[in-house]
Amino acid sequence: MVDPTRRLADQVWAARHGVESGAALRFASLSRRLWDAGAPEALVQLAARASRDETRHAGHCADILRERRARVPAPETRLLEYAPAELSPEQKLAYEVVAQSCISETESMATLVTLLDAASDGHLRQVLHELARDEVHHARLGWAYLAWARQRMDIGFLGAWLPSMAAGTAGPDLFRPGPPEAEDPVLLRSGVVPHSERQRVYLETLQSVVIPGMAEHGVDTGPLREWTEQRRGAVESAAAVEA
Amino acid sequence: MKIKKLFQVLVLGGTALGLAAAAACGGDNGNGSGGQVQTLPDGGHTGGTGGGGGPVGW
């Protein structure tokens, strides 16, 4: 019988393989679209480099799965886009950059920081360190883009969409109760943050990085603050019931 | 690194980068199509909902 904690860690690394291969496609697309939009060369190149990084990261995830004797899934081949159809082309580009870099990559950095603090295995630590080094640039792209874009367009529309972006990056399961093995602290040694700690890290990152970052760029953070507080309340209520 | 420090590293670091990049090229790469053109990577095809949401993270 397969240890459920081990199986869960395998599933997480398999999902990360898809996240990284999908991000490679998205950053390649964003690089082209940034160029088309007249963005500074430095931002265009940053997105192109991020695409190459993500392909390499997917390879690291595959290596880790093989080391764990787990199946390596097929890479993501779809270019997933999330911007609502009613937005203008330049708003759609802003939506995709912010969803990818300001939300998803910023949250990924927080996860990596948490994992690096706990990692003891040599190869895993080396991979996490490399990923964290690269993800800094992937997240910075979004904040750099906002600094440029706000001089050319009204980015205020983003405020209403931030909760939707945050919910998408969290995924469908983060704020639902997890199985018992999802709380096993042994997961940290496999490069996986236990469920309740992941909830805490996610909300803290929204609170202390994303929300003040959006405010710094003049975007209304009221909807995202409300979404964050609702999730925090639900998490605390669930914890109180378990206690 | 503490999570709170990410504000300085990512948000302030990225913002400074964007301002410097914009200043270096006069605010525009000269391509000038104003974001109206959208292209897909070779061999790629679109998916997702197109109705909000965002990419799942780590």
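**Conventions.** I number residues from 1 along each chain as its sequence is written, and chains are lettered from A in the order in which they are written. Because the model is predicted, local features need pLDDT of at least 70 and side-chain atom pairs count only at pLDDT 80 or more, while totals for chains, interfaces and linings use all residues.

**Chain A, overall.** I looked up the elements, taken as DSSP runs numbered from the N terminus (helices H or I of at least four residues, strands E of at least two), and found seven helices and one strand in chain A. From the N terminus on, their order is α-α-β-α-α-α-α-α. The radius of gyration of chain A, taken over C-alpha atoms, is 18 Å, close to the 18 Å of the globule rule for 243 residues, so chain A is as compact as a globular protein of that length; the rule is 2.2 Å times the number of residues to the power 0.38. I noted that the C-alpha trace spans about 55 × 40 × 30 Å along its principal axes.

I then looked at burial, where a residue is buried if 20 or more other C-beta atoms, placed from the backbone, lie within 10 Å of its own, exposed if 12 or fewer, and partly exposed in between. By this count 49% of the 243 residues in chain A are buried. For contacts (C-beta atoms, placed from the backbone, within 7 Å), residues 24 or more positions apart account for 75% of those in chain A with a separation of 6 or more.

**The largest nonpolar core.** I took a core as a set of buried Ala, Val, Leu, Ile, Met, Phe, Trp, Tyr and Cys residues joined through C-beta atoms within 7 Å. The largest one has 78 residues, of which L43(A), A47(A), V98(A), A144(A) and W148(A) touch the most other members. Elements giving two or more residues to this core include α3 (89–118) and α4 (122–149) of chain A, and α1 of chain B is also among them. The largest share, 13 residues, comes from α3(A).

**Chain B and the contact.** Chain B has one helix and one strand, and 31% of its 58 residues count as buried. The contact takes 47 residues from chain B and 70 residues from chain A. On the side of chain B that touches chain A, α1 (5–24) and β1 (45–47) each give two or more residues, and α1(B) gives the most, with 14 residues.

**One loop residue.** I looked up S120(A), in the loop between α3 and α4 of chain A, and found this residue exposed, with 8 other C-beta atoms within 10 Å.

Terms used: Two residues are in contact if their C-beta atoms, placed from the backbone, lie within 7 Å.
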